[in-house]
Amino acid sequence: MTDLQPIIQAARQAAALCSAVQQKHIAPYQDGSNENVASKAGAEPVTIADYGAQAIICRALSQAFPEDGVIAEEGSEQFRALITAADQQEVADLIGGVLGETVTIDQVIGWLDHGLNRDSDRLWVIDPIDGTKGFIALRQYVVAIGVLDSHKRVVDGVMAAPGYLHGSAVFYTQDGAALVEAMNGGPARKLQASQRTDPSTLIALESFEKSHASQDLMGDLREAAGIGSAQIERIDSQEKYARVAAGDADLYLRLPRITSTRPHMIWDHAAGTALVEAAGGIVSDVDGSPLDFSHGRTLATNKGMIVANPRIHPRLIEAARQLELA
Ligand code: AMP
Ligand code: MG
């Protein structure tokens with residue numbers, strides 16, 4: 001059993017750094033004039049907070065689990081290529097501020113690539129800011145860390161959700177259960193996926209960004225499953241998984257557009273899968289099989305995600321079969 005405490009602490013620190021960046025560099029520029037947002041290959045946004053958050057988490061891993069491998073969304077190559085020298089220094093200073101110690105750019109670069117290309121019996125999967133578009137637009141985002149075992153199955157997860165529905169919170173697994181605490185600490189509460197089936201009471205989640213999944217296809221699937229009257233909420237990031245785990249929503253669908261060639265990335269699903277499963281919910285591909293985290297950075301063999309409480313999930317899988325999505 002992995003003691004996640006040092007990583008839960010790092011997720012909180014990473015979220016604190018993200019909040020600081022948001023207040024200083026993002027919130028004042030909501031007119032779209034933000035020069036603090038760089039573009040990675042594929043035109044996805046990335047901010048200094050993405051690098052700062054990843055460096056904090058990898059630093060904690062290097063101390064608590066020095067031999068373990070890491071698969072993370074960001075890396076030092078792009079940090080050096082995309083981020084100006086002044087902003088690199090700001091990342092170091094921001095991390096130093098959160099940790100209460102002096103941090104150098106070289107340390108940041110070292111932490112960013114910690115555990116890269118190293119295989120180990122336990123593998124850490126990091127999305128330092130999941131929902132960067134939400135982070136920039138002051139909607140939802142999370143800091144997400146998943147743990148894979150030697151069979152590349154998801155066994156644990158940590159998720160800091162600064163904008164969670166009921167207030168800033170950190171979610172994590174422990175001894176097979178899913179727990180939530182307020183971001184600033186306090187008692188832990190056990191999570192339980194809902195058992196709701198009445199379509200008029202169901203809350204169905206999907207991406208805020210239209211380009212991330214096919215709203216038409218997901219609507220067709222809900223209709224075919226007899227839950228077309230569910231209330232739809234569109235939010236960014238793996239907060240969707242946390243809400244299903246917490247029973248704050250009943251299902252989350254992610255069905256790519258027919259024309260999409262973009263693979264699903266493992267860091268967008270690892271932590272969330274751990275939380276939902278530990279809370280008694282179900283996470284699967286469109287054919288009902290578990291997501292396959294054994295193909296490196298992508299979920300290369302998976303078509304989409306059907307995440308739901310245990311009573312609704314079978315209906316959605318049957319509907320996917322009827323629609324021949326599987
Ligand atoms: P969500 O807010 O649930 O849509 O998830 C955010 C994640 O969607 C990001 O971390 C990206 O990995 C992923 N993403 C970005 N662009 C696309 C796209 N065009 N299609 C599908 N997923 C995307
Ligand atoms: Mg992401």
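Strands here are DSSP runs of E, at least two residues long, and helices are runs of H or I of at least four residues, both numbered from the N terminus; two strands pair if DSSP finds at least two bridges between them. This is a predicted model, in which local features need pLDDT of at least 70, side-chain atom pairs count only at pLDDT 80 or more, and totals for chains, interfaces and linings use all residues. Residues are numbered from 1 along each chain as its sequence is written, chains are lettered from A and ligands numbered from 1 in the order in which they are written, and side-chain values use heavy atoms, without hydrogens and water.

Select valine 283 to begin: opposite this residue stands valine 307 in β14. Now show β13 with β14 (residues 305–308), an antiparallel pair joined over three bridges.

Next, select ligand 1. Domain 1 (5–190) and domain 2 (199–322), with bounds from an automatic or database domain assignment, both give residues to its shell, so the ligand lies between them. Of the 13 residues around ligand 1 (a heavy atom within 4 Å), Ser207, His212, Ser237, Lys240 and Asp268 come nearest.

- Lysine 240: a side-chain N or O atom is 2.5 Å from an oxygen of ligand 1.
- Arginine 254: a side-chain N or O atom is 2.8 Å from a ligand 1 oxygen.
- Arginine 262: a side-chain N or O atom is 3.5 Å from a nitrogen of ligand 1.

Conventions. A polar contact is a pair of N or O atoms within 3.5 Å; within protein, one must be able to donate a hydrogen and the other to accept it, and residues adjacent in sequence count only if both atoms are side-chain atoms.
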